[in-house]
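Take a look at the model below. This report walks through its helices, its core and its pockets.

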Amino acid sequence: MDIADWRRKIDDIDKQLLQLLNQRAHCALEIGKLKKAQDIPILSTIREDEIIRGLIQNNHGPFEEQEIHIIFSTIIEECRKIQLRHYQ
């Protein structure tokens, strides 16, 4: 494969990632709705740490642990912002 082929492959993967991130955000919205109804705080650092630890344990590279932490901390934070925007 040449560089154009690899770029097309990355473009396709990016589209899939976007779809998955939007699905994740919709799930976070539903969780936010339940948290609001049950008067549970949006922020759950225990749960967030649990998610990231699990992802790091399942990572087989080439991302390093810190990179996984940064990527998924950002995703979680942005989903939390969506929850707060809708349910605070």
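## Helices

At 1.5 Å a residue, the 35 residues of α1 should span 51 Å, and this agrees with its end C-alpha atoms, which are 51 Å apart. The expected span is 1.5 Å times one less than the number of residues in the helix. Helices here are DSSP runs (H or I, at least four residues), numbered from the N terminus. The model is predicted: local features need pLDDT of at least 70, side-chain atom pairs count only at pLDDT 80 or more, and totals for chains, interfaces and linings use all residues. Residues are numbered from 1 along each chain as its sequence is written, and side-chain values use heavy atoms, with hydrogens and water left out.

Now α3. This helix has 23 residues and reaches 32 Å from its first C-alpha to its last, close to the 33 Å expected at 1.5 Å a residue.

Which residues of α1 are buried? They are A25, A28, L29, G32 and K35. Buried means under 20% relative accessible area, exposed means over 50%, and partly exposed lies in between (1.4 Å probe, protein chains only). In α3, the buried residues are I68, I75, I76, C79, R80, I82 and Q83. An α-helix has 3.6 residues a turn, so residues three or four places apart point the same way.

What covers these residues? For α1, the cover includes α3. For α3, the cover includes α1 and α2.

## The core

Six residues form the largest nonpolar core: A25, A28, L29, I75, C79 and I82. α1 (3-37) and α3 (65-87) each supply at least two of its residues. Such a core is a set of buried Ala, Val, Leu, Ile, Met, Phe, Trp, Tyr and Cys residues joined through side-chain atoms within 4.5 Å. Look at A28. Not counting residues up to four places away in sequence, A28 touches C79 and Q83. Contact means heavy atoms within 4.5 Å.

## A loop residue and its partners

L43 sits in the loop between α1 and α2 (45-58). L43 counts as partly exposed because its relative accessibility is 48%. Leaving out residues up to four places away in sequence, L43 touches E48 and R80. L43 and Q83 are 40 residues apart in sequence, and their C-alpha atoms are 9.6 Å apart in space.

E48 lies in helix α2. Its relative accessibility is 15%, so E48 counts as buried. Beyond its neighbours within four places in sequence, E48 is in contact with L43, I76 and R80.

## Pockets

Rolling a probe the size of a water molecule over the atoms shows where empty space is left. On a 1 Å grid over the protein atoms alone, a pocket is an open set of points with protein on both sides within 12 Å along at least five of seven lines, and lining residues have an atom within 4 Å of a point.

| Pocket | Volume |
|---|---|
| Largest pocket | about 310 Å³ |
| Second largest pocket | about 160 Å³ |

The largest pocket is lined by 14 residues, and R24, I31, R47, I51 and Q83 lie nearest its centre. α1, α2 and α3 each give two or more residues to this lining. α1 gives the most to the lining of the largest pocket, with five residues.

The lining of the second largest pocket includes L55, H60, F63 and F72. Its largest share, three residues, comes from α3.

Key. On a 1 Å grid over the protein atoms alone, a cavity is a set of points where a 1.4 Å probe fits but cannot get out, and a pocket is an open set with protein on both sides within 12 Å along at least five of seven lines; lining residues have an atom within 4 Å of a point. Grid points are joined across faces, edges and corners, and a volume is the space filled by probe spheres set on the points.
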